[in-house]
Amino acid sequence: MDRGRVVRTAQENGEPDGRAMGQELSLRVILFHEAVAAHFGLNATEHKVLSLIAAEPGVSPGQLVDRTGLSNAAITKIVHRLAALGHVDRRKDGSDGRRYALSVTAEHRRELARLFAPMAEAMNGLVDGMDDAERATVTRWLSGTVEILRRSTAELTRAQESAGRPSGRQ
């Protein structure tokens, strides 16, 4: 039976199609983050680097290179741009004057919280409407999905590098 027929059959029977749902979730997450990035005048890579800085105040540019796989030059360019736009503060590290500690500005945090508030409220309402078993199932699926994505990304990157092709990292 061809894949299209299986999807139609599942939909006709009122059953969710996991593959289609996963693709839709992926698309919607990407589009949401693209819209947030655009709101701040950033591209997707700059937005994700900014997210890493927000998650780990005091992170250094060198640590961002390690976490992202981007080159020193790419991270330097991104950090300069984020600082110029007022999203990031750069301070000399107290323990090593050659190193910079990065953090997002208070203004950026406030604006980000404002942008995410409606979605966070809606997501909390969705979760609040679930019983414990439903929450456990969703948690198991999301945790498994994240781990599959981690492994799949690492495998693709290794395969590209072993074939001598660029991995998409700058």
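**Core and pockets**

Tutor: In the largest nonpolar core, which has 19 residues, Val49, Ile53, Leu64, Ile75, Leu82 and Leu102 touch the most other members; such a core is a set of buried (under 20% relative accessible area, 1.4 Å probe, protein chains only) Ala, Val, Leu, Ile, Met, Phe, Trp, Tyr and Cys residues joined through side-chain atoms within 4.5 Å. This is a predicted model, in which local features need pLDDT of at least 70 and side-chain atom pairs pLDDT 80 or more, while totals for chains, interfaces and linings use all residues. Residues are numbered from 1 along each chain, and side-chain values use heavy atoms, without hydrogens or water.

Student: Which element gives the largest share of this core?

Tutor: Helix 5 does, with five residues, where helices are DSSP runs of H or I with at least four residues.

Student: And what is Leu82 in contact with, leaving aside neighbours within four places in sequence?

Tutor: Leu82 is in contact (heavy atoms within 4.5 Å) with Leu42, Glu46, Val49, Leu50, Ile53, His87 and Val88.

Student: Switching to pockets, what volume does the largest one have?

Tutor: About 740 Å³, the volume being the space filled by probe spheres set on the points of an open set on a 1 Å grid, where a 1.4 Å probe fits, with protein on both sides within 12 Å along at least five of seven lines.

Student: Which helix gives the most to the lining of the second largest pocket?

Tutor: Helix 7, with seven residues.

Technical notes:
Buried < 20%, exposed > 50% of the residue type's maximum accessible area, 1.4 Å probe, protein only. Helix = DSSP H or I, 4+ residues; strand = E, 2+ residues; numbered from the N terminus. 1 Å grid on protein atoms, 1.4 Å probe; cavity = no way out; pocket = protein on both sides within 12 Å on 5 of 7 lines; lining within 4 Å.
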